[in-house]
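My entries follow in the order I made them.

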Amino acid sequence: MKYGSSFAQFRAGAGNVWQEYVSHRFVTGMGDGTLPRAAFLYYLKQDYVFLIHFSRAWALAVTKADTVDEMRACTATLNALINEELKLHIELCGREGIDEATLFATQEAPQNLVYTRYVLDAGYSGDFLDMLAALAPCVLGYGEIGARLLAASHDAAYADWIETYGSEDYQQVCRDVGTLIDDAVLRRLGKQPTKSPRWAGLCQRFATATRLEAGFWQMGLNR
């Protein structure tokens, strides 16, 4: 997907780890409708809690930003998370008789705990680039998955999820985040970021977050 040059380089650097994430059995099961509903609902409840922490991470990114434009971009992504993605989870679970109070009280699975705290720690211990490298796999990976499943012949069982992440609105969020990352990298590392001593560490952060994303899908299957 065309979400910027930095993302493309991070993605390529992650190698097979990226494909394990975006082509996981959980993902293909949503596409063809074979994913057990119980696994999807378990994932949705965990992902609701994940998005609460993920929103806090984007709020932390605002404090790490160097410019007002960076702050605006982070705030826009935060708004999309709180007012759009959480809304999807509340609506889908509501149809199954699961209210928002129950969602909020969901006990975090270990995989959820490890991933969310990893992203937050990237912000607490690192700088703006560390945060973006850790945040990117979730935002941009869901965009890639949603666009691919939407373009294919997908089963109606998970159409709401697929159409949300494959929608033009969400794709624009991904393009905006890709631009934010490119601009932040250029501002801090210059026109040849791959030659910076920091580049390998940023790629490692991206790859680690990607690995944790794949683990999140597996958590849903294992439940």
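Entry 1: I started with Tyr 43, which is buried at 0% relative accessibility. Buried means under 20% relative accessible area, exposed means over 50%, and partly exposed lies in between, with a 1.4 Å probe and protein chains only. I then checked Trp 217, and its relative accessible area is also 0%, so Trp 217 counts as buried.

**Entry 2: ground rules.** I noted that this is a predicted model, where local features need pLDDT of at least 70, side-chain atom pairs count only at pLDDT 80 or more, and totals for chains, interfaces and linings use all residues. Residues are numbered from 1 along each chain as its sequence is written, and side-chain values use heavy atoms, with hydrogens and water left out.

**Entry 3: aromatic pairs.** I asked how many aromatic pairs the structure holds. The count is 23. Rings of Phe, Tyr and Trp (its six-membered ring) pair if their centres lie within 6.5 Å; planes under 30 degrees apart are stacked, over 60 edge-to-face, and the rest tilted.

I looked at Phe 10 and Trp 199 next. Their ring centres are 5.0 Å apart and their planes sit at 20°, so this pair is stacked. Phe 10 is in helix H1 (residues 5-14) and Trp 199 in helix H11 (residues 199-222), so the pair ties together parts 189 residues apart in sequence. Helices (H or I, at least four residues) are DSSP runs, numbered from the N terminus. Phe 10 is buried at 3% relative accessible area. Trp 199 is buried too, at 8%.

I went back to Tyr 43 and Trp 217. Their pair is tilted, with 5.3 Å centre to centre and 40° between the planes. Tyr 43 belongs to helix H4 and Trp 217 to helix H11, and 174 residues separate them.

**Entry 4: helix H4.** H4 covers residues 37-64, which is 28 residues. I read 39 Å from its first C-alpha to its last, close to the 40 Å expected at 1.5 Å a residue. That expected span is 1.5 Å times one less than the number of residues. Why is H4 called largely enclosed by the rest of the structure? Because 20 of its 28 residues are buried.

At 12% relative accessibility, His 53 is buried. I found a polar contact of 3.5 Å between the side chains of His 53 and Arg 117. Such a contact is a pair of N or O atoms within 3.5 Å; within protein, one must be able to donate a hydrogen and the other to accept it, and residues adjacent in sequence count only if both atoms are side-chain atoms.

**Entry 5: two partly exposed residues.** Glu 20 lies in helix H2 (residues 16-22). Glu 20 is partly exposed, at 49% relative accessibility.

Met 1 is in the segment before H1. Met 1 is partly exposed, at 46%. From Met 1 to Tyr 115 I read 24 Å, C-alpha to C-alpha, for 114 residues in sequence.
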